[in-house]
Amino acid sequence: MPMTDDPFAHLLEKGNEMWAEVMVSLPAPTAPVGSLDDLALKLVFGGLWSRPGLSIRDRRLINLTLLAVLGRDDITPFHVRAALESGDVDAAQLEELGVQLAFYTGWPVATSFLLLARREVQKLADEAAEVDASEEEVGGPDGAPG
C-alpha cells in the first residue's frame with residue numbers, strides 16, 4: 001500500500017545534499033515514498049549523517065569498521081570508494097584501519113576488509129590512469145597540445 005502522506009519529506013533536500021557529500025560519485029537513489037531507499041536517503045543521510053557531534057570522516061571510519069566487522073562485503077566497496085573519492089581517507093589510512101581491525105576483531109575480518117579496500121584503491125588508480133591516457137591523446141586536460 002503506497003504512502004500518501006510523507007512525514008519525512010522535509011528531510012529529502014538535506015538527504016540529497018548529504019548523500020552527494022558522503023557517497024560522492026554514487027548516484028542517490030530515487031524510489032517511491034516509504035520504500036527502504038527513500039527512508040535511507042531521508043533518515044540516514046538527511047538525519048543521521050547530518051547530525052553535529054561527529055565529522056563526516058569520523059562517521060566514515062565508524063561505518064567502515066562496522067561494515068568490516070559485520071562482514072558486509074557487498075556494501076563495503078561502495079563506502080571505501082566514497083571515502084577515497086572524498087579525500088577523507090587515503091590508502092595508507094585504510095591499511096592502518098585494517099591493522100586496528102586485526103587486533104580488535106581478528107585477522108579474518110581485517111584481511112577481508114583489506115582485500116576489498118585494496119581492490120577499490122586499485123580500481124580508482126586504474127580509472128585515473130585511463131583518464132590521464134585519454135587526456136594525453138587529446139593533448140592535455142584542456143584539449144590543447146601539451
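Three aromatic pairs are found in the structure, a pair being two rings of Phe, Tyr or Trp (its six-membered ring) with centres within 6.5 Å. Phe 45 and Trp 49 are both buried, that is, under 20% relative accessible area with a 1.4 Å probe and protein chains only, where exposed means over 50% and partly exposed lies in between. Ring pairs also bring in Trp 19, which forms a cluster with Phe 45 and Trp 49.

A word on the basis of these values: the model is predicted, with local features requiring pLDDT of at least 70 and side-chain atom pairs pLDDT 80 or more, while totals for chains, interfaces and linings use all residues. Residues are numbered from 1 along each chain as its sequence is written, and side-chain values use heavy atoms, leaving out hydrogens and water.

The protein chain contains six helices and zero strands, in the order α-α-α-α-α-α from the N terminus. Helices (H or I, at least four residues) and strands (E, at least two) are DSSP runs, numbered from the N terminus. Helix α1 spans residues 12-23, and its axis comes within 8 Å of that of α2, crossing at roughly 85°. Axes here are lines fitted to C-alpha atoms, for helices over the stretch in contact, with angles from 0 to 180 degrees between N-to-C directions. The two helices are therefore roughly perpendicular, the class for 65 to 115 degrees; under 35 is roughly parallel, over 145 roughly antiparallel and the rest oblique. On the α1 side the contact includes Trp 19, while α2 contributes Leu 41, Lys 42 and Phe 45; contact means heavy atoms within 4.5 Å.

Lys 42 deserves a separate look. This residue lies in α2, which covers residues 36-45, and at 2% relative accessibility Lys 42 counts as buried. Leaving aside residues up to four places away in sequence, Lys 42 touches Asp 6, Phe 8, Ala 9, Leu 11, Leu 12, Val 33 and Gly 47.

For the protein chain as a whole, 30% of the 146 residues count as buried. The C-alpha atoms fill a box of roughly 55 × 45 × 30 Å along the principal axes. Among contacts between residues at least 6 apart in sequence, 60% join residues at least 24 apart.

Terms used. Phe/Tyr/Trp six-rings, centres within 6.5 Å; stacked < 30°, edge-to-face > 60°.
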